[in-house]
Amino acid sequence: MVFNSDIFLFVFFPIVFILFWSLKAKQARYVILTVSSYVFYGYWDWRFCWLLFISSMISFFTAILVDGSPTRRRRLTWMTASIVIDLTILGFFKYYNFFISNIFGLFTSSAPPLLRVVLPVGISFYTFHTISYIVDVTQGKVRATRNLFEYLTYVSLFSQLVAGPIVRFRQIEEDLERIDHPPKEEQVAVGIGFFVVGLIKKCVIADSIAKEIDPMLAAYSGMSVAGAWAAALGYTFQLYYDFSGYSDMAIGLGHLFGIRIPQNFDSPYQATGIRDFWRRWHISLSSWLRDYLYIGLGGNRLGEVRTNLNLMLTMLLGGLWHGASWTFVAWGAYHGLLLICDRAYEQFWARVPVAIRRFVTFLLVIFGWVLFRSATFEMARVWLWKMFGGAAFSGGVTVPLLFWVVLCLPLVNLLKETWYFQFPTTRWWAVVYALAFFVAYLFMNGAKTVFLYYQF
Amino acid sequence: MRFLVLFTLVLALFCVIYYDFIQFVDPYGEYDTGTFPVLVLDSRRAKLQLLHRFSEQGAVGGLILGSSRSLLMRPGLLSGDGESRVFNFAVDNAHAEDFLAIYHYALAQGINPKFLVIGLDIASLHSDDAHDHMFDRSELKSYLEHADDTSSWLSIKWLIDAKSVYTKDYLKDSFKAIWMKIRHQTPKTKFAADGYELQYSGAQFPLGEIGPQHDFSDDIKSYMQRIAGMRDLSPKRLDYLRQLFTEARQHNAIVVVWLTPIHPRLNEFMIQNTNYADLIKKVNVEAENWVSAYGIHYEDYSDIRAFGGLETAWDDSSHMNWRNMDCVARALVSEGPHGL
């Protein structure tokens, strides 16, 4: 099920919302959120609900064992066991065929057979949820909950189950504990505001751009120089509005159920450096990678060479997290390299005027997105080659794409992130939100699109 | 919760106002309000009525089926010795389900055509299995046996009908219709009594031309969108075709299928950059089975040289103008089965 579908907007959400607020008890609300989240997930393929359930149960009970372990060694053993199981499940469903066909095949002629494995939607996200929980419990940052349904609610909460943000238990623990509070008028208004802005971003902007660039990229070898740039810029904006739109909707839905989901974007295209970009783009993932991988590897505590190695390794795995493809690995390596350069030339970079820093960062990010979007290295090579003059200069850029690129360029550079909007909560604004929702629906109806980050 | 209640009520109000507005303007001529010109004629709806009238005036000997690419196939050229009355039931964005449903409709009207000439597009077998919006809204859908099992409780017809007007394209076309009324412009499309497309009543469709300077970028985009995501032929739609061939044979009707072309330059682009050639090959492989199993006649006209077509005789790069369409009709008559 996706947020921009009739079944979600007009059937699933109203039923869950009414049931949730009709039930007063904390436990009943956990149960309704858990059950509804499994329905939400199972609507795609109910068989994978078991995977989600097993993964949740393992981390739930392991966390209790960790909490009760008398020695640090035993805590680490339980933690490691849980993480290994989580990563094995993720690895099998997401990377088995990739490793078999790419790596195993290099060293031996008798590689194991490829399997017809379906990638369960959202597995990368909920695996990171469970890992962050078990690590936090081991490190004593959070106490293991004994309430199974509270934990199941945390892992499976439908608003962020399939495409994030990657929420840590401690970030929403307080709200989960107070889930039995009565609804607040202001909270509902802010929730609707977030959701509607997200819907506009996704259905009006991102999908309209996708409609223009997808045909171009399906035939990338025919693009002109202008077309290659327009497609690169278009995808840059599409990805941002698609994913930040999803995040806004997730945050809005959280508000509607009294759960404050953390910020995931902070005007990333206004970044003045690559490190700054990663503090603004998919914040929940980059901070997860920083806290649970980069720092775990030693962070910047082990000297210059080791720091750079840790950065590169973190970004390589971050790239691989997005999908089992060498282009994602290369995209991760590219950003790893940029981060190393960012560190090395920090003092020089600080003296460069802000406008130039922003412009250069934006360009570097765009080149990265070309790799990210390309299905093969050949596609990335041709696309980049065309951007640098390897084709006829003009032609192939449609007027609507030009319109969206020209519109989005100032929007991403000047507008504040939705997170900082002070959503008015007076009743007259219900009219504005309703109108915005209605307009978004006119774009959404019949379009049948999914969010880009669902594939990860 | 007052905010949410107010939000919901206002949203409902917008829906009602919008629906009334659409009914009043009626850009597709679905509500017969007649206040504004019909901007985009619903070819399915119009031709259902036309065929009914056409059949009242005499026996219908043949049916032309196909997409908008077949709208300009002249029925008179397929009438053989001139005794057969042929009706052009090509409709916009036709898929295999349209062909089957139209045939069922014809049989239900007591029409038993001696032949069916089907202009098959690659996209008529699109693997997305999504019906055209107008097909869902038309009476035709009820003539599709074993119609979509996707119908959940949400697929109540009135709900689908009502929901389908809430699109940006519908709103845009409503404003276009108002603009046409203000500018005293005439509707773009009209059909003759035999279903042939005429731009203006009684006048010949003007001759479109594609010259060497033609910019193909919009054509490429629109055609790429048309076959977007099509990796294979739809098994469901192939079944519809097989069902049609079986039923036609039971009713002793000759079936001629011709694969429609796109402009050679668009064709070249598609073959170089997409799996278009592969899709054509798959249709041809299927067609071999159709010929042997159902006795139909098949012509691969995806290359215009196969029927002596001209590179310039196109309205746009997906639609041939009447000159090329006349070539197709003549080629089918000369190469097709006896009786056409």
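Modeller: Two strands pair if DSSP finds at least two bridges between them. Strands are DSSP runs of E with at least two residues, helices are runs of H or I with at least four residues, and both are numbered from the N terminus. Before we start, residues are numbered from 1 along each chain as its sequence is written, while chains are lettered from A and ligands numbered from 1 in the order in which they are written. Please remember that this is a predicted model, in which local features need pLDDT of at least 70, side-chain atom pairs count only at pLDDT 80 or more, and totals for chains, interfaces and linings use all residues.

Let's take strand 3 of chain B as our part. Strand 3 (residues 115-120) and strand 6 (residues 254-259) of chain B are joined by six bridges in the parallel sense. To find one of these on your screen, look for L116(B), whose bridge partner in strand 6 of chain B is V255(B). Strand 3 of chain B also pairs with strand 1 (residues 62-66) of chain B, again in the parallel sense, over five bridges. Here you can look for G66(B), which has G119(B) of strand 3 of chain B as its bridge partner.

Now for the surroundings of the strand. Six of the six residues in strand 3 of chain B are buried (buried: 20 or more other C-beta atoms within 10 Å of the residue's own; exposed: 12 or fewer; partly exposed: in between; C-beta atoms are placed from the backbone). In a regular strand, side chains alternate between the two faces of the sheet. In strand 3 of chain B, F115(B), V117(B) and G119(B) point one way, L116(B), I118(B) and L120(B) point the other way, and all are buried.

Let's step back to the sheet. Five strands of chain B make an open sheet with parallel pairing, in the order 2-1-3-6-7. The edges belong to strand 2 (86-88) and strand 7 (297-300) of chain B; each has a single partner strand, so one side of each is left without a neighbour in the sheet. From one strand to the next, the twist averages 15 degrees. Helix 11 (residues 322-335) of chain B packs on this sheet, where it touches strand 3, strand 6 and strand 7, and its direction makes about 135 degrees with that of strand 6 of chain B (axes are lines fitted to C-alpha atoms, for helices over the stretch in contact, and angles run from 0 to 180 degrees between N-to-C directions).

Among the contacts in chain B with a separation of 6 or more, 78% join residues 24 or more positions apart (contact: C-beta atoms, placed from the backbone, within 7 Å).

Finally, look at where chain B meets chain A. This contact takes 26 residues from chain B and 30 residues from chain A. On the chain B side, helix 1 (2-25), helix 6 (168-182), helix 7 (217-226) and helix 9 (264-273) each supply at least two residues. Helix 1 of chain B gives the largest share of that side, eight residues. The side of chain B that touches chain A has 15 nonpolar, six polar and five charged residues (nonpolar: Ala, Val, Leu, Ile, Met, Phe, Trp, Tyr, Cys and Pro; charged: Asp, Glu, Lys and Arg; polar: the others, Gly among them).

Notes. Contact = placed C-beta atoms within 7 Å.
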